[in-house]
There are 2 protein chains.
Amino acid sequence: MTSSDNLVRNQGVTAPLGFRAAGIAAGIKATGKPDLALVVNEGPECAAAGVFTRNKVKAAPVLWSQQVLTGGRLRAVILNSGGANACTGPGGFQDTHATAEELAKALSNWGTETGAGEIAVCSTGLIGDRLPMDKVIAGVTEIVHEMAGGLSGGTDAAHAIMTTDTVPKEAAVHHHDKWNVGGMAKGAGMLAPSLATMLVVLTTDAVATPEQLDSALRKATSRTFDRLDVDGSCSTNDTVLLLASGASAVTPSQQDLDAAVLAVCDDLASQLMADAEGVTKRVLVTVRGAVDEEQALIGARAVARDSLVKTAFFGSDPNWGRVLAAIGIAPIELEPDRISVSFNGNPVCVGGTGAPGAREIDLSGADIHVVIDLELGEGEATIRTTDLSHGYVEENSAYSS
Amino acid sequence: MTSSDNLVRNQGVTAPLGFRAAGIAAGIKATGKPDLALVVNEGPECAAAGVFTRNKVKAAPVLWSQQVLTGGRLRAVILNSGGANACTGPGGFQDTHATAEELAKALSNWGTETGAGEIAVCSTGLIGDRLPMDKVIAGVTEIVHEMAGGLSGGTDAAHAIMTTDTVPKEAAVHHHDKWNVGGMAKGAGMLAPSLATMLVVLTTDAVATPEQLDSALRKATSRTFDRLDVDGSCSTNDTVLLLASGASAVTPSQQDLDAAVLAVCDDLASQLMADAEGVTKRVLVTVRGAVDEEQALIGARAVARDSLVKTAFFGSDPNWGRVLAAIGIAPIELEPDRISVSFNGNPVCVGGTGAPGAREIDLSGADIHVVIDLELGEGEATIRTTDLSHGYVEENSAYSS
């Protein structure tokens, strides 16, 4: 990513060459809103990589897609909202398999010869219920017919994976060497249901091997989606996929590929944080001066997950003592007397004790940047999070019932 | 603790022989409510033990009391609400020291020869502000004069350490061999301020060495207060002290001492959970069938801390999928397909998938018992927690400002 590259937000998975996409209402959601999305890689290549939830309780589509991805190839991704298909037993896994088989058949009929073993499946919604398979299967046939070229198909797909998201999330980078990366995302908003499942599909028309894609994707997700921590929960369904068509015929360096994938992921992560219905604050927690980056990350995450810090921010309360207490229980090296903290650039704690005027800092704006300096080393990391609001409690206490 | 022993709730630190206590309003709290408490051991012995917060950011009184306790002796404990004296630098530590010195002087004048090195200090309230030392010092002299024999002094003390607690918390065990254990506690309610600081003072008239007291106290706290987890936060000021006067002249076995201290701690812990202003549910999370007790505890704590589980319970929503997802990210051994979950005895998940009728379970009552069976071994542990309510958000977003 250099200054001559171009990051845009109104283009997504169909920004790179060689991809088609669609989004439709298949009747999976009771509301009748769009709930089925498709992304197809028309090649000439179909290398792919993916990262998945670290939850040991994995939804059927995660188990399926992980298995498919061992081959390093993906021809298509089918995604549904309206049901997570998690904790649904062997029957749920058969539903995922049947969905992939049905799509392979429909795509082959449409002229793109495909097997179920090249199709990833993603689901999001309430945990524990089987999907209405009659509607899913009918939808799969319909959506293949809806596939459009151009950008609109990508945007339709981004709409169809939304749950409590209020806006679709897309981003694309056009590299000056004439290759592109695009992506769409849903979830992780404060009020996102069923553990804020995050689904992301990234596409590129670069020429790249599955290993190169995997390397770029892991580096990017570790610095972006892995550092977005709304409530410490980790979904059964989280999935991030990267598909390469090779249609640009350009083979970028690993470094350039890394940078472009990172830029798209970073922008999508910021969109996920921003679209947090009911959330009143966007909070960045930076720990610097840790002995290394890993410890900085652990410390920042501990503060970002602390309910008392998050409720204080909801109240625009510069209660820096809670930040000290939260970092103090993180399993990292620190010396309490060396810790300094600032809120939006205003020192509130210096050398472990309060700074003059700390209780008068104005945090009434929507953005709060907490910087905690441990003064021990060079390690630095930032977590994106939110406040803990009445809206969070309201939406999450009334979702399934 | 046998059936012939007697657990009572309206007696506390003065239930055992050899202790006096008092509680007064010293003007530390702006509200004028009681804010200074004293417990004095009149002997003949003064063995003692203590456990303290594991937070690396420790309040001045914690640093002081830890140092004092290395001697294994305590003559008195002075406790204040209205200010945590945490993150207050060397000046704050000097304030604690001066408080102990002043109390030693006042007690010596009163006829109980004492040095500051035999006096523990506890504080609770907002982090980051210095205490109004003129009021504390004047209060120390006054409270020594207020010391009463009998039970009422203990109850006055239990009142004076309250912050957002709505009721004082006391418990005592009268052993049939004619020795006693008593105790008082504050904090850990859902809405307790400044990290729900938990202060507990336990007394006994048994004859016991500091080592025996330490052993009994650590065993008891690990199974009671350490398993009360309201919001995952850990205060800078948490302190649990056990003082022995030897005034009964009875030397109980370690096993009997352990059992009596455990019984008092367990009862106080249940009172702490119950007095959670704004909390609508009392929640027990049991993990059984883990490979060992330690893993069961880690699993139960992960579920008890999960914001999405806790908001679902606030909404009386039997959203068992969130329980599966929460246990799935705990760093313990588990096999998703073997996990079973029940709510108040009703199966909601069997073998990793939903049980019939799971979504119709009535959780509208105030008590919810979640049992998660991993079916791997014999490990079992229970955490006491609460729901995540609007009240929690409201109180904790508006405390210091």
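I looked up A:Arg73 in this predicted model and found the residue partly exposed, with a relative accessible area of 40%. A:Arg73 forms a salt bridge with A:Glu118, with 2.6 Å between the closest N and O atoms. I noted A:Glu118 as buried, at 16% relative accessibility. A:Arg73 sits in the loop between α1 and β5 of chain A and A:Glu118 in the loop between α2 and β6, so the pair ties together parts 45 residues apart in sequence.

Next I checked A:Glu42 and A:Arg20, whose side chains meet in a salt bridge at 2.9 Å, N to O. A:Glu42 is in the loop between β3 and β4 of chain A and A:Arg20 in strand β2, so this pair ties together parts 22 residues apart in sequence. A:Glu42 is partly exposed at 35% relative accessibility, and A:Arg20 is partly exposed at 24%.

I also recorded a salt bridge between A:Arg338 and A:Glu335, at 3.5 Å, N to O. A:Arg223, A:Arg227 and A:Glu293 are linked in a salt-bridge network.

I then turned to the contact between the chains. Chain A and chain B bury about 4,200 Å² between them, 58% of it on carbon and sulfur atoms. The contact takes 55 residues from chain A and 54 residues from chain B. I counted 2 salt bridges between the two chains; A:Arg359 with B:Asp129 is a salt bridge at 3.3 Å, N to O. Between chain A and chain B there are 13 residue pairs in polar contact. On the side of chain A that touches chain B, α10(A) gives the most, with 6 residues. By class, I logged that side as 23 nonpolar, 23 polar and 9 charged residues.

Terms used:
Residues numbered from 1 in each chain as written. Chains lettered and ligands numbered in written order. Predicted model: local features only at pLDDT ≥ 70, side-chain atom pairs only at ≥ 80, totals over all residues. Heavy atoms only, no water. Contact = heavy atoms within 4.5 Å. Buried area = accessible area lost by both parts, 1.4 Å probe. Salt bridge = Lys/Arg side-chain N within 4 Å of Asp/Glu carboxyl O. Polar contact = N/O pair within 3.5 Å; in protein donor to acceptor, adjacent residues only side chain to side chain. Helix = DSSP H or I, 4+ residues; strand = E, 2+ residues; numbered from the N terminus. Nonpolar A, V, L, I, M, F, W, Y, C, P; charged D, E, K, R; others polar. Buried < 20%, exposed > 50% of the residue type's maximum accessible area, 1.4 Å probe, protein only.
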